[in-house]
Amino acid sequence: MEILMSVIIGFLFMAAVYLILSRSLIRVVIGTGLLSHGAHLLILTMGGFSGSAPPVLADGVTDFVDPLPQALILTAIVISFGVTAVFLVMAYRAYQELETDNMTLLKGNDEHD
Amino acid sequence: MISVLLLFAPVAAALLVPLLARRLRGIHTGWFVLAVPVLLFVYYLGFLPQVKDGGVHIGELSWIPSYGISLTSYIDGLSLLFSLLITGIGSLVVLYSIFYLDKTKERLGNFYVYLLMFMTAMLGVVQSDNMIALYGFWELTSISSFLLIGYWYTRDRSRFGALKSMMITVFGGLMMLGGFILLYIMGGTFSVRELISMAPELAEHSLFIWALVLVLLGAFTKSAQFPFYIWLPDAMEAPTPVSAYLHSATMVKAGLYLVARFTPIFAASEIWVWLVTSIGVLTLFWGSFFAVKQTDLKGILAFSTVSQLGLIMSLLGAAAAAFHVEGATETMFKYAGFAAIFHLVNHAAFKGSLFMVAGIIDHETGTRDIRKLGGLMALMPVTFTLALIGSLSMAGLPPFGGFLSKEMFLTGMLSLGELDLFTPASWGTVLLVAAWIASVFTFIYSFYFVFRTFTGKHKPDHLPKAAHEAPPGMLVSPAVLGLIVVAIFFIPNMIGDWIVKPAVVAVQPFMYGSPADVDVHVAAWHGHVTPELMMTIGIVIAGLVLYWLLPKWQGLYRAFPEHLTLNKLYDSSMVLAEGGMNRLSRSYMNGLIRSYLIYMFAGIVIIVLGSMIVKDAFAISFEGTAPIGPVEIGLLAVLVASVVTTLIARKRLTAILALGAAGYVVALLFVIFKAPDLALTQLVIETVSVALYLLAFYHLPKMSRHDEKRKFRVGNAIIAAGVGLMMALLAMSAASQKALPSISQFYKDTVYSEAGGGNIVNVILVDYRGFDTLFEIAVLSIAAIGILGMIKLRLTRKGDQHEKQ
C-alpha cells in the first residue's frame, strides 16, 4: 500500500507543479490546492499504515494507528486552508485591479528594476 | 606607548581642523596644521643617535589581545628613515600647500583632514610590527589617497582617477592581507620581528610561495609596478601638493617599504629575488620609455616616478640576491641594499621638489602642457634653478645626489650580471642592459622636462596667465629639497652613516649585525676609472644625442596603438565586468514567476535526486507494507481521474468541481486509513473551500491557456514529471527504510493517565503539542484579517481612472 501511495503522491505533485507553472492565475491556485493534498497524504503515508484501530481509546484495543502524523496533518489542513483562501482572494483582487490573469503580464516593468 | 599614541597625533589634530577652518577664516588653516608634522619630525630626529648604533625602539599598545593583535611602534633604521621622510616632506608639503591652495576658493578643511589622516596612516604602515595593524593602516592610506585624488570632486577626471587608484590599490591590499594570514598560519604570530626570526622554517612550508606572491602583489600595486602602474598617471588629477607628497615621496614607497621589510623573510626564495628584480627592471624601463611620450608636466613626473620606483625595486631584489651569495659582504653585492635605500632618500627629495616646481609652473602660467610652455628661464629664474637641480639629479649627473645613487645602482646591476646561481646566467646581463637603456631614457626625459619648459621660445599667447616668478613662500619647500639634493652629493657618507646604514641592517639582517658592519663608503670619484663611470659616460653621450634628435624619433610613440595599452585593458575589463554582470543577472532575472519556479523546482530535483544517487539511497521494499484492498484501488482511481480532469479542464467550473472531488477522495482515504478527525476536518474544509471558489466564481477569470504553446507545455511537463518522480522515489525510499521506531507509543500509553483524554489526536493537538494549535489559530486569524483587508481597503493607484467600489 505504501508503495502505491508513493506513486499516487508523486502523481499529485506532478499535476500540481504542472498547474503552478501555467500562465493562468486560477490554474496556479488550483495547483496549490493539489499540492497540499499531496503533502498531507505524504505525511500520512510516511507514518505508516500499521495498526488496526483509530487512535481513540476503547476497551480492549491496543493496536492503534500512529496518532502523531494525524495531528500534524490536522494542523497542516487548517493552515493550507487559510493560505488557499488568501490566495483565492488575492487572485480575485489582482484580476479585478489589473484586468488580467496572465502570469506573463503580471511581471514588474522596467521602471522597477 | 607614547610613540604608539603619537602615530595618531595627526588624526587627532585633524579633529580640530574643521573647527579652526570655520572659526579663524582670516588665517590659512595650513599654518595650524604645519605644527603637527614639524613637531613629529623633531620627535623622530631624537631617535637618530639611538638607531645609528643599531638600537631599536619598541612601543606597544594592546588592541585585541585574544587574537594577538596590537598596535605597535617599532622604530629601527628602516622605519625611522620612512618616518623622517613622511614628517619631513609632510612639513614641506603643508608649507607649500599654504601658498598653493587659495584660502577663500578651496575647502581647506577637507584637504587638511585628509592629509593628516594620510599622515597617520603612513606612519602606522612603516612603524607597525603587527601585520594586522599594518594592513589596517595600509588600507587607510588607500582611502585617504582616494579622498585626496578626488579632492576636486566636481571634475570627472578626478573621480575617475580616484576610483581607479582605489580599485587597484585595494585589490593589492586584499591580496596582501591574504599573504599576511598565510604567514600567520605558518608562523603562528602576527609580529614581523618574530616571523623574521623563524624565517628558515617558514621557507620550508608549502604555503610559503603563496604568501610570497600575495605580499608581492600588495607591494607591486601600491608602488605602481608593472602592470599595476596605470593608476599613478591618473592620480595626477590630485592637487599638486598631494602628488608631491603621496605619489612621489611617501605612499608609493609603501610598497618598497613592504618589500624591504619582508626581504629577511622571503629572500631565501629565488622566486622572490627574480620577481622583484625583473619586475623592477621592467617597470624601470617601461616607465622611462613612456615618460618621453607625455606632454603634461605631471604626466612626465608620474611616469618618471614609476620608473624610479622600479629602479629601487630592482635594487631591493639584488639586495635579496645577496642572501644567496657566499660572503656577500666582501663582494659588490653589498652595494645593492645600500643603493636602494640611498636612492629612496634621493628620489623623495628630488621628486618632491620637481612636483612642486610643476605645481608652481601650473600656478603661475595656468597650464602644465609642455607644448604651450617654453622660454620661462628668464621669467622664473628661481624655479628654473630648482627644476634644473631636480632634473639633473634625476638624470644622474654630478654634482647632485642622483649621480651617486646611479653609480651604485649600476654597481648593483653589475653584481646581478655576475649572479649565476639560478637559471640562465645571461639573464643577469639582460637586466643590466635593460637598466642601462632605461637610464638613457631617464636622462632624456629629465632633459625634456626641464629644457622644453624653461628654454626655447616663450609663447605668451598660448598661456592662460602672464608668467611670472612665484611668491617666495611657494619656493621655500622646493628650495629646501633642492638643497638636500645638493647636500647629499657633498656629504653622502654622513647621510649614509646616520640614516642609510641602519636601514640597510633592517633589510639585510642576514649580512649585518649592526650598522657599523655595513662597509660601504660612497665617493663621487673613486680615484680610478670604474666600469660604472664608463657606463654613466655612455648614458650621457647616448642621452644627449637622442635628446638632440628627439623631434626626429618622437613620432615613434605614435606607432604604439592606443587600444593595446594597459589603460585600455583596464577600462575595457571594467566595462566588461559591469556590463557582463548586468547582462548575466538580466538573463536569468527576467521578472517571470514561472522562470523562478522552474529554477527552484529544477534545483530541488537535481539536488535531491543527485544526493540520492551519490548516497545510493534508493530503496523499495514490500516487506511489512499494508495490503492493498479493492476499496483503496477504487478510491485511488477516482482520485487520479479527478486530478486528470483538473489538468485538462477547459471551464473554471469543471476544474473547481474536480478539485473538490479530489478533496473528498482524500477525506475518504482518511476514513479508510483510520483517521476520523482528519476525515471530518477534510470534509468540512473541502466543502468550505469549494464554496469559496464558487463564491468567487463570477469574479474569477475564465480558464484560459493564454496561448500556451505546445513547446511551453512540454517544458512544464518535463519539470513537473521530474518533481513527481522525485517525490515518488523519495516517498518509496523513506517508507522502505525506517531507522527508528515512532515515538507515538508514549502518547498511546499516557494519553489517559497523563492527560485524561481518550482521543489521542485531539489530546496531542491541545495538550502535548498545544503550541502548534495556538499558532495555527493565529494563522487563521491573520488569513481572515488579510482577506478582509484585501477586500475592504481600496487605496486607488495614482491616476487610476477606473475606481471600483
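**A tour of the predicted model, chains A and B**

Start by selecting Lys674(B), in the loop between α28 (652-672) and α29 (676-695) of chain B. Helices here are DSSP runs of H or I with at least four residues, strands are E runs of at least two, and both are numbered from the N terminus. Lys674(B) is not a glycine, yet its phi is positive, about 60°. With 28% relative accessibility, Lys674(B) counts as partly exposed. On this scale buried means under 20% relative accessible area, exposed means over 50%, and partly exposed lies in between (1.4 Å probe, protein chains only).

This is a predicted model, in which local features need pLDDT of at least 70 and side-chain atom pairs count only at pLDDT 80 or more, while totals for chains, interfaces and linings use all residues; side-chain values use heavy atoms, without hydrogens and water. Residues are numbered from 1 along each chain as its sequence is written, with chains lettered from A and ligands numbered from 1 in the order in which they are written.

Colour chain A by pLDDT, the predictor's confidence in each residue, from 0 to 100. The mean for chain A is 87, and 95% of its residues reach 70 or more.

Next, select α1(A) together with helix α27 (residues 630-648) of chain B: their axes come within 10 Å and cross at roughly 10°. Axes are lines fitted to C-alpha atoms, for helices over the stretch in contact, and angles between N-to-C directions run from 0 to 180 degrees. Residues making the contact (heavy atoms within 4.5 Å) include Leu4(A), Ile8(A) and Phe11(A) on α1(A), and Leu636(B), Val640(B) and Thr646(B) on α27(B). The contact residues divide into 15 nonpolar, 1 polar and no charged. Here Ala, Val, Leu, Ile, Met, Phe, Trp, Tyr, Cys and Pro count as nonpolar, Asp, Glu, Lys and Arg as charged, and the others, Gly among them, as polar.

**The cores**

A nonpolar core is a set of buried Ala, Val, Leu, Ile, Met, Phe, Trp, Tyr and Cys residues joined through side-chain atoms within 4.5 Å. Which members of the largest core touch the most others? Select Phe180(B), Leu183(B), Phe262(B) and Phe266(B), out of 218 residues. Helix α17 (residues 334-365) of chain B gives the most to this core, 18 residues. Beyond its neighbours within four places in sequence, Phe180(B) is in contact with Met131(B), Leu134(B), Tyr135(B), Val215(B), Leu258(B) and Phe262(B). A second, separate core of 84 residues includes Leu74(A), Ala91(A), Leu700(B) and Ile719(B).

**Buried stops in chain B**

In helix α13 (residues 240-249) of chain B, 10 of the 10 residues are buried, so this helix is largely enclosed by the rest of the structure.

Move to Lys501(B) in helix α22 (residues 492-507) of chain B. Lys501(B) is buried, at 11% relative accessible area. Leaving aside neighbours within four places in sequence, its contacts are Phe338(B), Gly496(B), Pro515(B), Val518(B) and Val520(B).

**Backbone details**

Finish in the loop between α11 and α12 of chain B, which holds Ala224(B). Its phi is near 55°, positive in a residue other than glycine, and Ala224(B) is buried at 0% relative accessibility. The peptide bond from Phe226(B) to Pro227(B) is cis, with omega near 0°. Another cis bond runs from Pro398(B) to Pro399(B), where Pro399(B) sits in the loop between α18 (381-395) and α19 (401-418) of chain B.
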